[in-house]
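The notes are kept in the order in which I looked.

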Amino acid sequence: MQILTPQVFWAQRHGEIFLRVELSDASVRQSDPTATSCGLTGAQGHGAKGDNQYEFSLEFLEPVKPEIHQKSTQRQVDIKIRKQDERWWERLTLREKKPLFLAPDFDRWLDESDAEMELQAKEKINKISVESRVRKDPYMGLKKGYLFMYNLVQFLGFSWIFINMTVRLFILGQDSFYDTFHTTADMMYFCQMMAVLEVANPLLGLVKTGFFPAMIQVAGRNVILFVVFGCLDEMQNKAVVFFVFYLWSSIEIFRYPFYMLACIGTDWKLLTWLRYSLWIPLYPLGVVAEAVAVIQSLPIFDETRLFSVPLPSALGHSLSFSYTLQLYLVLMFLGLFINFRHLYKQRQRRYRSRKRKVH
């Protein structure tokens with residue numbers, strides 16, 4: 001029996017090749033596919049020249065995956081082949097001259113731009129489908145409203161501190177260093193007591209930030225504010241208070257509005273850059289200022305015996321609280337390393353996600 005070549009029509013997408021073989025009532029045996037070729041052998045069916053045995057072979061322009069999906073109907077044989085790399089081919093075969101039996105499948109034919117639009121539409125539909133399957137949180141609006149108001153209140157509080165200290169610095173000069181605590185302590189107390197919520201928010205699932213970095217920062221600041229400054233009158237008139245408060249507020253007037261706008265899905269590029277760049281010099285400087293405050297307070301705690309722990313007479317009179325603060329100094333710089341690494345990773349993730357959106 002004479003072996004003939006059937007008429008084959010083809011079309012492509014970025015990731016697939018479609019072949020339509022014009023054979024009716026065909027009994028098809030697929031030849032062993034390779035990375036660069038595909039064909040049919042021993043296809044017994046009714047073609048353009050009646051009932052005959054048909055064969056064809058194609059050598060593709062680029063490699064394809066060996067798994068081939070085939071479907072035979074009463075009118076034709078449909079073959080779907082996946083490309084190794086999802087890209088648009090300028091032609092189907094390795095040889096520039098097209099085989100005589102091969103023709104475009106105009107029912108499925110798309111230009112590259114049309115295929116790109118089709119791909120984007122599918123991705124959009126898949127995204128909508130996934131989002132529709134995700135169960136919506138009925139309290140999401142309430143959670144975002146709470147977080148927005150919290151960040152707004154903190155932003156206003158730290159802005160008041162920053163502006164107050166800046167104005168007093170311009171008017172009084174260095175004299176403003178020594179009464180910073182008495183003019184801004186009440187607002188700083190309020191803001192730092194509110195900051196305790198930042199430790200609770202990750203535990204309640206309201207934010208995705210880590211619990212330990214938030215706890216380290218909030219606890220560290222509260223030790224400085226309530227214990228070192230708040231309990232020692234001698235520390236309240238020192239210049240180090242100005243530098244600690246000024247560095248804290250300089251960081252927070254950019255951090256809180258960034259989180260506030262994130263609650264409503266808004267992103268300001270300048271604010272994002274400031275939030276993820278200014279903390280690099282300001283955060284270590286703030287820790288250094290806190291360390292200076294602790295070191296200056298050590299002889300005062302030794303002298304006043306404030307918070308000292310009584311000991312049996314055989315061991316001595318009491319254990320000075322300054323030893324606890326010396327241990328705290330070590331933990332402070334350990335916390336600096338942990339928090340700095342955490343914030344740096346946040347910054348890297350942020351800019352990687354921005355690059356993906358751009359591309």
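**Entry 1, nonpolar cores.** I note at the outset that the model is predicted. I looked up the largest nonpolar core and found 50 residues in it. Ile224, Phe229, Met235, Val244, Phe245, Val294 and Met332 touch the most other members. I then listed the elements that give two or more residues to this core: helices H2 (140–172), H3 (180–194), H5 (211–229), H6 (240–262), H7 (269–277), H8 (279–304) and H9 (321–358). H6 gives the most, with twelve residues.

I looked up the contacts of Ile224, leaving out residues up to four places away in sequence. Ile224 touches Phe229, Val244, Trp248, Glu290, Val294, Tyr328 and Met332. I also recorded a second, separate core of 21 residues, which includes Val8, Leu19, Val64 and Leu102.

I counted 18 aromatic pairs. One of them joins Tyr150 and Tyr256 edge-to-face, at 6.1 Å centre to centre and with 80° between the planes. This pair links distant parts of the chain, as Tyr150 lies in helix H2 and Tyr256 in helix H6, 106 residues apart. I checked burial as well: both Tyr150 and Tyr256 are buried.

I found one aromatic cluster formed by Phe162, Phe177, Tyr178, Phe242, Phe243 and Tyr246. Returning to Tyr256, I noted that the charged end of Arg255 sits over its ring, 4.6 Å from the ring centre. The charged end of Arg275 likewise sits over the ring of Tyr276, 4.9 Å from its centre.

Notes: Residues are numbered from 1 along each chain as its sequence is written. This is a predicted model: local features need pLDDT of at least 70, side-chain atom pairs count only at pLDDT 80 or more; totals for chains, interfaces and linings use all residues. Side-chain values use heavy atoms; hydrogens and water are left out. A nonpolar core is a set of buried Ala, Val, Leu, Ile, Met, Phe, Trp, Tyr and Cys residues joined through side-chain atoms within 4.5 Å. Buried means under 20% relative accessible area, exposed over 50%, partly exposed in between (1.4 Å probe, protein chains only). Helices (H or I, at least four residues) and strands (E, at least two) are DSSP runs, numbered from the N terminus. Contact means heavy atoms within 4.5 Å. Rings of Phe, Tyr and Trp (its six-membered ring) pair if their centres lie within 6.5 Å; planes under 30 degrees apart count as stacked, over 60 as edge-to-face and the rest as tilted. A charge sits over a ring if NZ of Lys or CZ of Arg is within 6 Å of the ring centre and within 35 degrees of the ring normal.
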